[in-house]
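Subject: Structure for you to look at

Hello,

Here is the structure I said I would pass on. Please open it before reading further, and keep it on screen while you go through my notes.

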Amino acid sequence: MARKAMTISTKMLNAMPGQWGGMTFTSYQFGVFVAVVFGAYYLAPLRRFQVQLLVLASVFFYGFGQPELLPLLLVAVLGTYVCLLLAFENRAVWMPAGIVFNLGLLAFFKYKFLFVDSGAAQLTGAGPIDFLLRLPLPIGISFFVFHNISLLVDLTREKRTVRLRDVFLYIIFFPQLVSGPITRAAQFMPQIVPKRIGDVAFVEAAKWILVGYFFKLYVANNLNEMTSYMDFPLYETLRTQDRWLLMFLYSYQIYADFFGYSAIALGLGLLFGYRLPMNFNLPYISTSFSEFWTRWHISLSTWLRTYLYIPLGGNRHGRVRTYLNLMIVMTLGGLWHGASLSYALWGMAHGLLLVVERPFLKLVSNEAPALRVIRMGIVFFCVTMLWIFFKLPNFDHALGYLQGMFIATDAPNPPKLFTNLALLYALPVILQHAGIGVLVAGRLRRWEPYLYGGLAALAHLEAGPDSAFIYFQF
């Protein structure tokens with residue numbers, strides 16, 4: 001049984017993408033790219049072509065280093081647009097057809113190796129099919145597929161026609177293309193109007209971008225040096241107490257990494273006149289699991305609620321149906337991240353936590369502050385424990401790591417982990433959740449320029465070794 005589980009887990013991992021071979025937000029090429037596009041975008045002679053310019057820039061960004069992925073992106077956008085046009089005439093047929101088309105693309109590329117041996121010389125024996133099966137998993141496919149579905153649902157509901165160039169921009173706008181935030185079509189489309197440089201919120205954009213780079217370069221990249229020991233087989237060299245330490249460090253790292261990307265995306269969107277939705281709102285101060293999912297990856301949880309939970313019936317059909325819907329949505333949310341048993345169990349566990357706590361939420365609406373702190377600690381601990389399955393998509397590896405946390409391990413030459421450095425790199429996340437941002441924006445506002453100057457200095461001088469954004473693999 002264990003051997004069979006290992007085989008399944010290995011196949012699942014083979015479906016995951018490799019390293020992003022294109023332009024990352026932290027590369028110097030990206031800085032040059034943004035500067036050139038921004039300069040051209042607001043030139044008076046090109047004002048009529050701002051949308052086309054952003055579309056071309058986004059195509060260049062996505063194809064940089066991996067041009068073989070561009071045909072698939074083109075197929076996804078054009079296929080969705082055709083279904084959209086047909087759905088205006090017959091929504092009952094063509095909107096579901098468009099959704100199935102997009103989910104089919106996602107399923108093919110994410111889950112194909114659950115059914116085909118990726119190590120075989122000939123996967124099926126049919127040349128064209130083998131060529132498609134050997135294509136790499138397109139970076140960000142989970143995000144642009146969700147955008148496509150939002151486009152089909154929102155615009156056909158409103159019966160609002162759009163031009164092809166606007167559809168392209170909504171789906172492949174480069175700040176959000178690879179890792180979100182997932183923006184609803186109803187929120188983005190009205191923003192596609194001519195932009196003027198005088199309307200750009202430069203200060204707000206600069207703050208978002210600076211904070212994003214700080215959390216990615218200083219916090220996430222430095223913590224990544226330590227949490228890399230959580231990977232198999234490195235975790236076999238860890239002592240039990242080190243496994244516990246790294247588990248908490250990874251919780252801070254994944255937040256800093258994804259919050260950093262989302263903050264940069266928000267700032268870049270503002271530079272080009274588009275306001276993207278906030279993706280994080282201090283999730284680690286949540287006092288319930290339902291609150292956590294209103295604060296963590298907000299655009300994903302909003303999408304799942306709008307396009308999956310509510311259509312399934314939400315909480316309108318009794319307690320049992322509500323619980324079932326929660327389990328379905330969270331399990332599918334886990335599988336959205338990848339074809340892995342660990343991801344599925346991660347989603348199921350969060351669904352179970354939502355179900356278990358639901359009857360008790362009304363009973364603790366006016367609890368004492370001390371009880372709120374206890375609840376906050378319980379939520380943070382459970383969420384952090386579950387990140388192990390997120391960090392280790394191979395289920396056997398996740399179980400192996402967990403086993404070493406509760407059974408003393410004999411590691412003759414354990415790696416040296418510097419606890420003081422770990423606290424130093426995790427401290428910004430802790431301070432942010434403690435309310436330092438609100439304090440600086442209020443009573444300490446005059447110190448704000450010095451704070452941002454300090455963040456810029458640390459991001460430049462104490463940046464950790466370069467590492468890909470964690471959510472690039474989705």
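Below is what I found, starting with how the numbers were made.

This is a predicted model, in which local features need pLDDT of at least 70 and side-chain atom pairs count only at pLDDT 80 or more, while totals for chains, interfaces and linings use all residues. Residues are numbered from 1 along each chain as its sequence is written, and side-chain values use heavy atoms, with hydrogens and water left out. Helix names follow DSSP runs (H or I, at least four residues; strands are E, at least two), numbered from the N terminus.

Helix α12 covers residues 240-271, which is 32 residues. From first C-alpha to last it reaches 47 Å, close to the 46 Å expected at 1.5 Å a residue; the expected span is 1.5 Å times one less than the number of residues. Of its 32 residues, 28 are buried, where buried means under 20% relative accessible area, exposed over 50% and partly exposed in between (1.4 Å probe, protein chains only).

Helix α7 has 18 residues and reaches 26 Å between its end C-alpha atoms, close to the expected 26 Å. It is mostly covered too, with 16 of its 18 residues buried. Just after α7, Lys 159 takes a positive phi of about 55 degrees.

How α7 sits against α5

The axes of α5 (residues 91-111) and α7 (residues 141-158) come within 10 Å and cross at roughly 175 degrees. Axes here are lines fitted to C-alpha atoms, for helices over the stretch in contact, with angles from 0 to 180 degrees between N-to-C directions. The two helices are therefore roughly antiparallel (over 145 degrees; under 35 is roughly parallel, 65 to 115 roughly perpendicular and the rest oblique).

Contact means heavy atoms within 4.5 Å. On the α5 side the contacting residues include Met 95, Ile 99, Leu 103 and Phe 109, and on the α7 side they include Val 145, Ile 149, Leu 152 and Arg 157. The residues of this contact divide into eleven nonpolar, five polar and three charged. In that count Ala, Val, Leu, Ile, Met, Phe, Trp, Tyr, Cys and Pro are nonpolar, Asp, Glu, Lys and Arg are charged, and the others, Gly among them, are polar.

Val 93 is also in α5 and, at 44% relative accessibility, counts as partly exposed. Its C-alpha lies 9.4 Å from that of Cys 83, ten residues apart along the chain.

Aromatic pairs

The whole structure has 63 aromatic pairs. Rings of Phe, Tyr and Trp (its six-membered ring) pair if their centres lie within 6.5 Å; planes under 30 degrees apart count as stacked, over 60 as edge-to-face and the rest as tilted. Phe 38 and Phe 202 have ring centres 6.1 Å apart and planes at 75 degrees, so the pair is edge-to-face. Phe 38 is in α2 (residues 28-41) and Phe 202 in α11 (residues 202-227), so this pair ties together parts 164 residues apart in sequence. Phe 202 is partly exposed, at 40% relative accessibility.

A second pair, Phe 258 with Tyr 471, is stacked, at 3.8 Å centre to centre and 10 degrees between the planes. Phe 258 belongs to α12 and Tyr 471 to the segment after α21 (448-461), 213 residues apart. Phe 258 is buried at 1% relative accessibility, and Tyr 471 is buried at 1% as well.

Backbone points to check

Most residues other than glycine have a negative phi, and most peptide bonds are trans. Gly 180 and Pro 181 are joined by a cis peptide bond, with omega about 5 degrees; Pro 181 is in the loop between α9 (174-177) and α10 (185-188). Another cis bond joins Phe 232 and Pro 233, with omega about 0 degrees, and Pro 233 is in the loop between α11 and α12.

Leu 282 has a positive phi, near 50 degrees, and is in the loop between α12 and α13 (289-292). His 297 has a positive phi near 45 degrees and lies in the loop between α13 and α14 (298-309). His 297 is buried, with a relative accessible area of 1%.

Regards
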